[in-house]
Amino acid sequence: MLIASGACAPIRQNIEAAATPTIIISTNTVNSSSSCKRTLDDGVSPSYIPNTAQRTVVGYGHVLSGVVLSSMHCEPIVKAKLEFWPEEEGLGHPDSSRATFFTDEEGRYRFECNIPEHIHMRISAEGYKIIGVNSYHPEGKAEGSFDIVLEPQK
């Protein structure tokens, strides 16, 4: 079972143009009266090591992708910093599997690693609370999706 934050689901809006309805599916935001549910902060694991190599591929067999969003209006967070360190069966958290990378212009990320037991994460972005997450467990699957919702600093 993949555990995800249940972030923002796309919304559908009917817009009339020349008396013909068109359906638009928004992937970047939810209407301004909604907010996303923030991702639970599990705390940063004691196995965290700062300043790991910038890379998105540290192995093969599992691809994790998702989007980092703001809890305010579900807007994507550009250049959010993601630090991942997978737990590999019998190996713990090898330094060769640790990675630092950033979200793109749409708040999306993609990470490839050996099939892990789980992936520890530390997510930060300017103006947002830093969180640690240990809730992504792929259960041997080759692909997974995990959306992350950050809460603005007050």
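## Basis of the model

The model is predicted: local features need pLDDT of at least 70 and side-chain atom pairs count only at pLDDT 80 or more, while totals for chains, interfaces and linings use all residues. Residues are numbered from 1 along each chain as its sequence is written, and side-chain values use heavy atoms, with hydrogens and water left out.

Strand β4 (residues 81–87) is joined to β5 by four bridges in the antiparallel sense. Within this pairing, F84 is opposite A99 in β5.

## Aromatic pairs of F84

Seven aromatic pairs are counted, where rings of Phe, Tyr and Trp (its six-membered ring) pair if their centres lie within 6.5 Å; planes under 30 degrees apart are stacked, over 60 edge-to-face and the rest tilted. The ring centres of F84 and F101 are 5.0 Å apart with planes at 75°, so this pair is edge-to-face. F84 belongs to strand β4 and F101 to strand β5, so the pair ties together parts 17 residues apart in sequence.

F84 also forms an edge-to-face pair with Y109, at 5.7 Å centre to centre and 85° between the planes. Y109 lies in strand β6 (residues 108–114), 25 residues from F84. Ring pairs link F84, F101, Y109 and F111 into a cluster.

## Burial

F84 is buried (under 20% relative accessible area; exposed is over 50%, partly exposed in between; 1.4 Å probe, protein chains only), with a value of 1%. F101 is buried at 4%, and Y109 is buried as well.

Terms used: Pairing = 2+ DSSP bridges. Helix = DSSP H or I, 4+ residues; strand = E, 2+ residues; numbered from the N terminus.
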